[in-house]
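Here is a short briefing on one protein structure. Keep the sequence and the 3D view side by side as you read.

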Amino acid sequence: LSAMGEPSMDPTIAADSPAQQDSLFSMTDVFLISLITGLFTYWFFFRKKKEEVPELPKMQTVAAPVRDSSFIEKMKKTGRNIVVFYGSQTGTAEEFANRLAKDAHRYGLRGMAADPEEYDLSDLSRLSEIDKSLAVFCMATYGEGDPTDNAQDFYDWLQEADADLSGLRFAVFGLGNKTYEHFNAMGKYVDKRLEELGAQRIFELGLGDDDGNLEEDFITWREQFWPAVCEHFGVEATGEESSIRQYELVVHTDVNMNKVYTGEMGRLKSYENQKPPFDAKNPFLAQVTENRKLNEGGERHLMHLELDISNSKIRYESGDHVAVYPANDSSLVNQIGEILGTDLDTVMSLNNLDEESNKKHPFPCPTSYRTALTYYLDITNPPRTNVLYELAQYASDSGEQERLRKMASSAAEGKALYLSWVVEARRNILAILQDMPSLRPPIDHLCELLPRLQARYYSIASSSKVHPNSIHICAVTVEYETKTGRLNKGVATSWLRSKVPGQQGSSSLVPMYVRKSQFRLPFKPSTPVIMIGPGTGIAPFMGFIQERAWLKQQGKEVGETVLYYGCRHEREDYLYREELARFQKEGVLTQLNVAFSRDQAEKVYVQHLLKKNKENVWKLVNEGMAHIYVCGDARNMARDVQNTFYEIVSEFGNMSQPQAVDYVKKLMTKGRYSLDVWS
């Protein structure tokens, strides 16, 4: 410390004595050497750090999610005042959000559709910085009351948030299905939670029901929503709905074919150069190693497929879902090309006219019309009313044009016509073009309007403990005659049926990924399980039974494993008969109860067998703490099974009907009554 302090002394005093001077120099030397050493050390380490700095941004860009800094800044920059967020699993909510954003211009407002996954939703508290601002939420409910994948972060934020949203004006339209227990749970939650956080609802919650007519529910809500917006902001409609193109066509005459998409979902050439991890935007091309018919008779085709996932690093658990990306039937694609007089192999891009939009193209571009219609666009479902409205301008016959406009209108007569002529007749875009000879839209506008072809989900019919490198699918081919006499085929099941094991090329390949599920075996193998799955609802239970057999082989104590299965005829469509008989013989399957619904005069279903064994069922549930699993049809079977459990609980638990309902609901909350159902 003395060496540090001394240079600050008065120089006249410091020079008085030679001895003192000598001493001072030696101290100064020490000080200077220390200083130089210190500076050198600091410089050395500082220099090392400088060298490492360029590495950091690289690491951050890899790890950080792709997110715009703020949707508020984007809205300010592009002059938008309405943002429509969508929670979408199959693309419908996204489609509705785009329609609402497009509507805004009719009222002198400007809208943008936004994926909540791409933005920081805590910025909602700042939306009031924008004049006449409004946030709309089109929220689909997935599975058993869950948020969609892209809305999971938003849902988590809403649950934890204590933000003050008092300046926010909002409206919510929910997309659900009444056959499910938790109808529109996500839409209801978002609507309620935003209000709790202080936001102002400017129009009532809309509840769309896909079991009824989702399109009509949306139109009805929308035609009342906009007048409420006008009244709130004091604005008026600027005119009739008009057709405004969102994308512009660019035809590529001289293009490097290595830069053209041929069906990939995300990265160009991802099917040629596969890199994990595999997900919705980067599916794995799995080889089909087995494709066999399961039923011995009848008109239907029930099939068992095995997908090879070796070297993919894909992990799955029993109860998970496998998603597959199908392709449309080439004959349908060719017929659309012929009707519209188009060279389907033309390479083109559809580029968003809004340069600020995150969505640069409606599907991967550049690509050919053939690829777009085969892999990217839904050409088999009846088109929604907005598609008919936009197409009407291309009908040269005034009668056909008027008919299309009427079906797209909100008038009762128009809605009834759309329901009968399009929905109930199951007319897809090809059927509409065939039945309206004067309707010949440009193929690029048609491609802009059609919704994206979605992945199809199947309950995995295997256990990863037994089949770590293989995923099994159990499915029934969908095929039916429409009211117009046309034969409609399910896109995915017809495409899966055509897969030939072991063949080279695409004829044996399936783009797929795994979606995690809450449908899980109990943590303790000793816990009894009651599985109810008629028809292809048996799929996840094949995985469950395989896993229980494996656990038993490992020397674990495995609880009672009870299956209630049902099919039409014992000799026709009894799926996995031999495998189930073997599991029962080995003692893994402790009870095998099978209902053959049509082998006798009076129909017998799984719920009848549950009633027959009601005492045993109650004992397993009440004393054995059994877990109950239901898989299959949501509309009838799952509801009937649940009502049967209410009856059993009421009878043996000495409870009233409301108490029994409450008991079963509590089982669901505790994860002891699980559903994997579809409608």
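Which residue in S2 does valine 83 stand opposite? Valine 83 stands opposite methionine 112. The model is predicted: local features need pLDDT of at least 70, side-chain atom pairs count only at pLDDT 80 or more, and totals for chains, interfaces and linings use all residues. Residues are numbered from 1 along each chain as its sequence is written, and side-chain values use heavy atoms, with hydrogens and water left out.

**The whole chain**

- The protein chain holds 23 helices and 23 strands. Helices (H or I, at least four residues) and strands (E, at least two) are DSSP runs, numbered from the N terminus.
- The chain has 679 residues, and 49% of them count as buried. Buried means under 20% relative accessible area, exposed means over 50%, and partly exposed lies in between (1.4 Å probe, protein chains only).
- A contact means heavy atoms within 4.5 Å. Among contacts with a separation of 6 or more, 75% link residues 24 or more positions apart.
- The accessible surface comes to about 32700 Å². Carbon and sulfur atoms account for 50% of that surface. The areas come from the Shrake-Rupley method with a 1.4 Å probe; for residues, only the protein chains shown count as cover.

- Ile82, Val84 and Tyr86 lie on one side of S1. Val83, Phe85 and Gly87 lie on the other.
- In a regular strand, side chains alternate between the two faces of the sheet.
- S1 runs parallel to strand S3 (residues 134-142), joined by 6 bridges. Two strands pair if DSSP finds at least two bridges between them.
- Phenylalanine 85 has phenylalanine 137 as its bridge partner in S3.
- S1 also pairs with strand S2 (residues 111-114), in the parallel sense, over 4 bridges.

**An antiparallel sheet**

- An open sheet is formed by 6 strands, in the order S14-S11-S18-S9-S10-S15, with antiparallel pairing.
- Its edge strands are S14 (456-459) and S15 (470-476), and each pairs on one side only.
- Within the sheet, S9 (residues 284-293) and S10 (residues 302-308) run antiparallel, joined by 6 bridges.
- Glutamate 290 has its bridge partner in S10: glutamate 306.
- Strands of a sheet pair through backbone hydrogen bonds, either parallel or antiparallel.

**Helix H13**

- Helix H13 spans residues 398-407, and Glu400, Leu404 and Met407 are buried there. These three are on the same side of H13 because they cover an arc of only 65 degrees around the axis. The arc is that of the directions from the helix axis to the C-beta atoms.
- Ser398 and Glu402, on the other side of H13, are exposed.
- Aspartate 397 caps the N-terminal end of H13. One of its side-chain oxygens lies 3.0 Å from the backbone nitrogen of glycine 399.

**Aspartate 444**

- Aspartate 444 sits in helix H16 (residues 443-449).
- Is aspartate 444 buried or exposed? Aspartate 444 counts as buried because its relative accessibility is 11%.
- Its side chain makes a polar contact with the side chain of arginine 245, at 2.8 Å. A polar contact is a pair of N or O atoms within 3.5 Å; within protein, one must be able to donate a hydrogen and the other to accept it, and residues adjacent in sequence count only if both atoms are side-chain atoms.
- Leaving out residues up to four places away in sequence, aspartate 444 touches Arg245, Leu249, Leu350 and Tyr369.
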